[in-house]
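User: I have a protein model open here and would like to go through it with you step by step. Could you help me read it?

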Amino acid sequence: MNMLCTGMKLMIPLVGCISLGACGGSSGSTASPTAVIGTAPPPPAEPVNYDTAEYRHNYGLAQINALTAYEQGATGGGITVAVIDSGVDVDHPQIEANIHPDSTNIVTGNKNDLNDIDGHGTAVAGVIAAVRDPENNASTNVHGVAFDAKVMALNTASVGSCEGDGCSFYDSDIAAALDYARVRGVKVVNISLGGDDFNTQLLVDAYKRAVDAGMLIVIAAGNRDEGDTDADIARPENSASVAWADWANGQIIVAGAVDSSKTISVFSHRAGPVAKDVFLVAAGDSILTLGEGGKYFYYSGTSFATPHIAGAAALLMDAFPNLTGKTAADLLFDTATDLGDATIYGQGLINLQEAFQPQGASSVAVRSAAGTTVVVSPGDSVMLGGAAFGSFAGLSSAVSHSMLLDGYNRSFQLDLGQQIFHDEDPLQLETLVGSRKGARRADLPLNRRSQVTLSWREDSDMREVEERYFSHQNQVQNRYRDLRMKVDMSFDGGQKLTFGQGHSLKETLEDYDGDAFLTIGKGDFMALASGSDSQNVAYKKKLNAKTGLTLALSHKTQDWALYNLKSDSYLAMARWDHRLSDTVHVGIDLGLMAEEGGVLGSLSGGAISLGDGAATNFLATRLTWKMSDHLTFFSTATLGRTKVQTATFSLIEGVSTVTSQSFSAGLIGQSLFRNGDRLSLAASQPLRVRGGTATVAQVRERDYATDVLSFATQQVALSPTGREIDIELAYQIGNVWGADLALNVLHQINPNHDSYAPDNSALMIRFGSSF
């Protein structure tokens, strides 16, 4: 039993030949027969322009977005595509270099009979692997989809059948060609043949062996014959029925043809209900490709949609050597562009742009403490950097070339540095204005020696106290953690017990309404335990006339709901205050801060988790020197050492001891220009990491043959690139036309400890009165 391949040619001077009717799953009445991506070649030093005239001469290449594959290093190199057809023009300059040495004539067993006298096999092979020659700007020059792939041309045309109008092919020879390619390890097979009769059992068994060996086979859907009705072409030819058999496992793809407008070609068989799940389309209408005699032809037929799909599979297997015939076919199906009715277009048009993007559930490969490779979700791999670390510039750079594994276990390059966030606003005026709202207080004497003092913020905060906490006491929204207030309880013997809600420990221990400055001295360790969701308690006792001791405990919850990250911080501190003389006061703070889920205010998770928690010991010193009745000098300095608990699964395999510091110094003048005014000038550095490194281990190489990932480590400094210095002038004066006037001039150098950030300046004037 055989099949026929027919076509007509018209000689065109200077141009070559145009085929007006080609075998493409042809006529005949007899029986028929997927970011550095994987281990693809690295991009060259100079970018290559693949969008050439040669590329554009076949509109089918742009239609399947082949440029995406080329620009990511996939050209088909190392992949062999078996073309079971009428042979190939062995002397054609555009295909000669890509003819595989195992190419042969299956019927005669003689490699010398390989040459194609019909032209059909040469045309199909050209669509797959015509070599790229960008210097040739001739109007007929064109390259194949996978221009570096090898074509194993298997001539299966019956002896003498190509002398007339097309060639004929026996099922037994097609079966022998499938077996020949299979035993030689070919991954992709192109069969641009077809017929109205069902395949013989001999050929079906050969297809089964090919599927079991993991091969991907692309077969033509067939062309409309003269006697075909619309019902006939509403489904593929019977020769393609092997594709939707249960045993085919989705590894046999049926190819339909579309024109340059992506509309199904008038001659192409459709998918029908039977083949819609295994049917894809590609350009097959007026395709410029190679022909016999070293010439070029325009061909039409599903025969030429088929090699577009086979070439696309070769590009994916070049870029991702782990793909099997099954996974490559699934990837082509899953990423095809939906063109509409599935009974016409099946799964749609080949789309290499989408196929070269990660598909399915992606993961990032990290190394466990035991040395095994585990994967974590990239969606959970985020970091919200604490202010002390600046922008995490070093860490961002270190994780910018991470390896992503998609649902097909393909490797992509992923810039996890884009997942590290930090506060880019160095000065939030709304926050500063809010922080300067005056405080209100109410005193309740308990007896002659003790009293309770309740403090709260004025304006909107006081309305919140009233509306939320007292007006509707039994409603769910009465959440105490949103309240910003402080309660002082004074007792006999110089004892004082303070409860704070919604304030930093610094606010609780010192003045509720802060001092004259907007930023000076407010970026130390105690600021890490601050915010609306914080609670603290402090006990203060005078030890003698000159010395006092304070014990304090604070808790703060930080919640980044968008990424389901949360931390709890606990800070315990002992403060010692001593008056050296009437003019000099000193103080020392010793503290321990324990963080669960955070590191110095940073939240992180997934592949870039900085750590599961941290413990920080810190020491702070304070000095106040009253230089005169009108002038006072002050200074503070803090030092901290942080031990980080290593994250269970992260690219950051360990963090050394982290040291950090903050300091401030300035002068405060009282009644300098008029009675009761206050002029302050100071400079400070907010808390800043000054030492510490992180060990980052990332996948640098992948051996697809063994599926082994090789990790490389590097040490990354955690100290910021810059040092923020805040310089601030503050002036306060009362009773100016019956109101209070406050002026703050602030200049910040290297905001957020970022040497690349421009300096920031701000001016704030407040003028108001209480009534």
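User: What share of the residues in the protein is buried?

Analyst: In this model, which is predicted, buried residues make up 52% of the 771 residues in the protein.

User: Let's move to the nonpolar core. Which residues touch the most other members in the largest one?

Analyst: The largest nonpolar core has 157 residues, and those that touch the most other members are L178, I191, I219 and L352. Helix α8, residues 302-319, gives the largest share of this core, namely 11 residues. As general background, nonpolar side chains in soluble globular proteins tend to be buried together.

User: Can we zoom in on one of those? What is I191 in contact with, leaving aside its neighbours within four places in sequence?

Analyst: With those neighbours left aside, I191 is in contact with I84, I174, L178, Y207, I217, V218, I219, A220 and T306. Two of these partners, L178 and I219, are also named among the residues that touch the most other members of the core.

User: New topic: how many disulfides does a search of the whole structure find?

Analyst: The search finds 1 disulfide, and this bond joins C162 to C167 with an S to S distance of 1.9 Å. In general terms, a disulfide is a covalent bond between the sulfur atoms of two cysteines.

User: Are C162 and C167 buried or exposed, and why is the disulfide called right-handed?

Analyst: Both C162 and C167 are buried. The disulfide is right-handed because the torsion about the S-S bond of C162 and C167 is about 125 degrees.

User: What about salt bridges, how many does the count come to?

Analyst: The count comes to 13 salt bridges. One of them is between R209 and D179, whose closest N and O atoms are 2.9 Å apart. R209 lies in helix α6 (residues 201-212) and D179 in helix α5 (residues 171-183), so this pair ties together parts that are 30 residues apart in sequence. R209 counts as partly exposed, because its relative accessibility is 34%.

User: Now the surface. Which residues form the nonpolar patch there?

Analyst: The nonpolar patch on the surface is formed by Y539, L543, L549, L551, W576, I588, L590 and L619, with about 670 Å² of accessible area together. Strands β25 (547-560) and β27 (584-596) are the elements that give two or more residues to the patch. L619, for its part, is in strand β30 (residues 613-626), and L619 counts as partly exposed because its relative accessibility is 36%.

User: Last one, on backbone angles. Which residue has a positive phi of about 60 degrees although it is not a glycine?

Analyst: That residue is N65, which lies in the loop between α2 (59-63) and α3 (66-71). S286 is another residue other than glycine with a positive phi, in this case near 55 degrees, and S286 is placed in the loop between β11 (279-283) and β12. N65 is partly exposed, with a relative accessible area of 24%, and S286 also counts as partly exposed, at 39% relative accessibility.

Key
Residues numbered from 1 in each chain as written. Predicted model: local features only at pLDDT ≥ 70, side-chain atom pairs only at ≥ 80, totals over all residues. Heavy atoms only, no water. Patch = residues over 30% accessible without salt bridge, like charges linked within 9 Å, V, L, I, M, F, W, Y side chains within 5 Å. Areas by Shrake-Rupley, 256 points an atom, 1.4 Å probe, with all protein chains shown as cover. Salt bridge = Lys/Arg side-chain N within 4 Å of Asp/Glu carboxyl O. Helix = DSSP H or I, 4+ residues; strand = E, 2+ residues; numbered from the N terminus. Buried < 20%, exposed > 50% of the residue type's maximum accessible area, 1.4 Å probe, protein only. Disulfide = S-S within 2.5 Å. Core = buried A, V, L, I, M, F, W, Y, C linked by side-chain atoms within 4.5 Å. Contact = heavy atoms within 4.5 Å.
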